[in-house]
Amino acid sequence: MVRNIVVLSGSSHPKFVDSVCEYLGIPPASRVLEKFSSGETRCEIRDSIRGKDVYIIQSFGVGTDRNAANNNNNNTDGSSSTSATAGTGHVTVNDYFIELCIMISACKTGSARRVTAVLPFFPYSRQPDLPYTRTGAPLVSRNRDAAMMTAMEGQGGVSYTFESVPPTPAAHIPRTAGLTNGVSKLVNGLSNSSITRGIDIRDMVKAPATVTVTGPASDDGNNSLGEKQPQQQKANDTFTTHDYENPTMAMAFQQKAGFKPMMAQAGSLIADLLTCAGADRIVTCDLHESTYQGFFDIPVDNLIAKPLLKRYIQHHIENYKEAVIVSPDAGGAKRAAAIADSLGLQFALIHKERRPPSKAHTKYPTMMLIGNVANRICILVDDLADTANTITRAAKLLKREGAVQVIALITHGVFSGDAIQRINASALDQVVVTNTVAQDRHLEAFRAAGAGGKKKLPDKNQNDVDPRVVCGKLEVLDIAPFFAEAIRRIVFGESISMLVRDGD
């Protein structure tokens, strides 16, 4: 039994908190989490936390019904009260995060000695730095306006690309390469005419390519109004938008569509919000990017689920010595290779491209297998399954290459959108995840579907079970004792290197 600590539960995963407290030998502290009809969150901590170490456990994933969550764990002291969340419907990751920040602030206000945020699944850790379409292709192509502008500029027009770097503007540089910015009309107008002080350069942008301007009187006394200037002045009277000798030209510079959009790095913001709320320490598991620890200026313990996954392979997969550990993408190669090396197994890698194949080369796939998996059991190892698109496509490729069985070992099973339907229809034989994200709705739905003796997908019109959440291929591993041991070691000041190192 661990003394002088308080474990508080968020509303996202109460069963996980109960497992952690059972391992530590203490009950979870009493608290109330409610939502007002306006959507604001109310937090009330009913146990004394003065001078104690407080551990707030809040997981993140696909939200559940708020009313069900409140009925399960809203009042841990046995008292009854009505939640103010009736009709609020589905909760989101943002609701869970606001709950966590409010609970951290409440503990600091209540004179807690130290507040540790235990996040089995760290939120906002997987957002890309390039915008992606629904099919997974990055939005790096020019938009419609930029394409039309290039077509209007003619075959010789040079468009701005994300890889091109314009040179430093200077008087000696006649033109910025690759950056026309829609001023072709201006360039053509200046190439066919001369400029006098009576002309506003901004009016020339709207003028046609061939411009007639008011010039000085000729030697014979005739005005050159309405006449084109001789071509000999073409080389001397052309200017660019970055010409320092003609500062008025800068007013005609128009920004061209197609610039690289700025993507917010939400991970650093989440770190700042947790720190500002008052968190003194962060405990999480299998960060999608381990470099996220650098966003914090407080200690971060990134636990590794590798020992749990290794134990499952050794005790639940027959003839695992003949299996092949497969990484579904290059990003998880290090994680999968570490498991393969520790078990002495073969390793294979799938090279994945997020852009769709070219129409001219549709026979070439966007996923390529590196390694031999024929007539072997393939074990896909990844840290996160959100829409399950990566692992299902990888399983299809492995079966096509001759794999006899494909098992996916995932640390965080978010399973958002139609992920469960995609898994049910995929070539995956089994999906093993930890309970860092609540999987109760998938397991309970499957038990309800198989209550009649036949484990088949239910009909939504005849049963109360939603077939979109029923998954007979899912198996959940309990990682709560892993977090409980980490909490115990932190309380007693013991080393937790065994839990955070990526080794044996």
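The buried residues of helix H10 are covered by several elements, including strands S8 (324–327), S9 (346–352), S10 (367–370), S11 (377–385) and S12 (405–413) and helix H11 (419–424). Here contact means heavy atoms within 4.5 Å, and buried means under 20% relative accessible area, with exposed over 50% and partly exposed in between (1.4 Å probe, protein chains only). This is a predicted model, in which local features need pLDDT of at least 70 and side-chain atom pairs count only at pLDDT 80 or more, while totals for chains, interfaces and linings use all residues. Residues are numbered from 1 along each chain as its sequence is written, and side-chain values use heavy atoms, leaving out hydrogens and water.

**The chain as a whole**

- The chain holds 14 helices and 14 strands; these are DSSP runs, numbered from the N terminus (helices: H or I, at least four residues; strands: E, at least two).
- Of its 504 residues, 44% count as buried.
- Take the contacts between residues at least 6 apart in sequence: 69% of them join residues at least 24 apart.

**Where to read with care**

- The mean pLDDT (the predictor's confidence in each residue, from 0 to 100) is 74 for the chain, and 59% of the residues reach 70 or more.
- Residues 66–88 have pLDDT below 50, and this stretch makes 46 contacts in the model beyond near neighbours in sequence.
- Residues 174–183 also stay under 50 in pLDDT, and the model gives them 23 contacts beyond four places in sequence.

**The five-stranded sheet**

- Five strands form an open sheet in the order S1-S4-S5-S6-S7, with parallel pairing; two strands pair if DSSP finds at least two bridges between them.
- Strand S1 (5–9) and S7 are the edges, each having a single partner strand, so one side of each has no neighbour in the sheet.
- From one strand to the next, the twist averages 20°.
- Five bridges link S1 with strand S4 (residues 53–57) in the parallel sense, and Leu 8 stands opposite Ile 56 in S4.
- Helix H1 (residues 14–24) packs on this sheet, touching S1 and S4, and its direction makes about 160° with that of S1. Axes are lines fitted to C-alpha atoms, for helices over the stretch in contact, and angles run from 0 to 180 degrees between N-to-C directions.
- Thr 116 lies in strand S5 (residues 114–119) and is buried, with a relative accessible area of 0%.
- Leaving aside residues up to four places away in sequence, Thr 116 touches Val 54, Tyr 55, Ile 56, Arg 281 and Val 283.
- Strand S6 (residues 281–285) runs parallel to S7, joined by four bridges; Val 283 has Asp 301 as its bridge partner in S7.
- Strand S7 (residues 300–303) is covered on both faces, with Val 300 and Asn 302 buried on one side and Asp 301 and Leu 303 buried on the other.

**A helix pair**

- Helix H3 (residues 93–109) packs against helix H7 (residues 266–277) at an angle of about 25°, and their axes are 8 Å apart.
- That angle makes H3 roughly parallel to H7 (under 35 degrees counts as roughly parallel, over 145 as roughly antiparallel, 65 to 115 as roughly perpendicular and the rest as oblique).
- On the H3 side, Phe 97, Leu 100, Cys 101, Ile 104, Ser 105 and Lys 108 meet Ile 270, Leu 273, Leu 274 and Ala 277 of H7.

**The seven-stranded sheet**

- The order S10-S9-S8-S11-S12-S13-S14 describes an open sheet of seven strands with mixed pairing.
- S10 and S14 are at the edges with a single partner strand each, so one side of each lacks a neighbour in the sheet.
- Direction ignored, neighbouring strands of this sheet are turned by 25° against each other on average.
- S8 and S11 run parallel and share three bridges; the partner of Val 324 in S11 is Cys 378.

- Helix H8 (residues 306–316) has Lys 306, Leu 308, Leu 309, Lys 310, Tyr 312 and Ile 313 as its buried residues.
- Their cover includes S8, helix H9 (333–343), S11, S12, strand S13 (430–434) and strand S14 (474–477).
- Helix H10 (residues 389–400) has twelve residues and spans 17 Å from first C-alpha to last, close to the expected 16 Å, which is 1.5 Å times one less than its number of residues.
- Its buried residues are Thr 390, Ile 391, Thr 392, Ala 394, Ala 395, Leu 397 and Leu 398.
- Just after H10, Gly 402 adopts a positive phi of about 105°.
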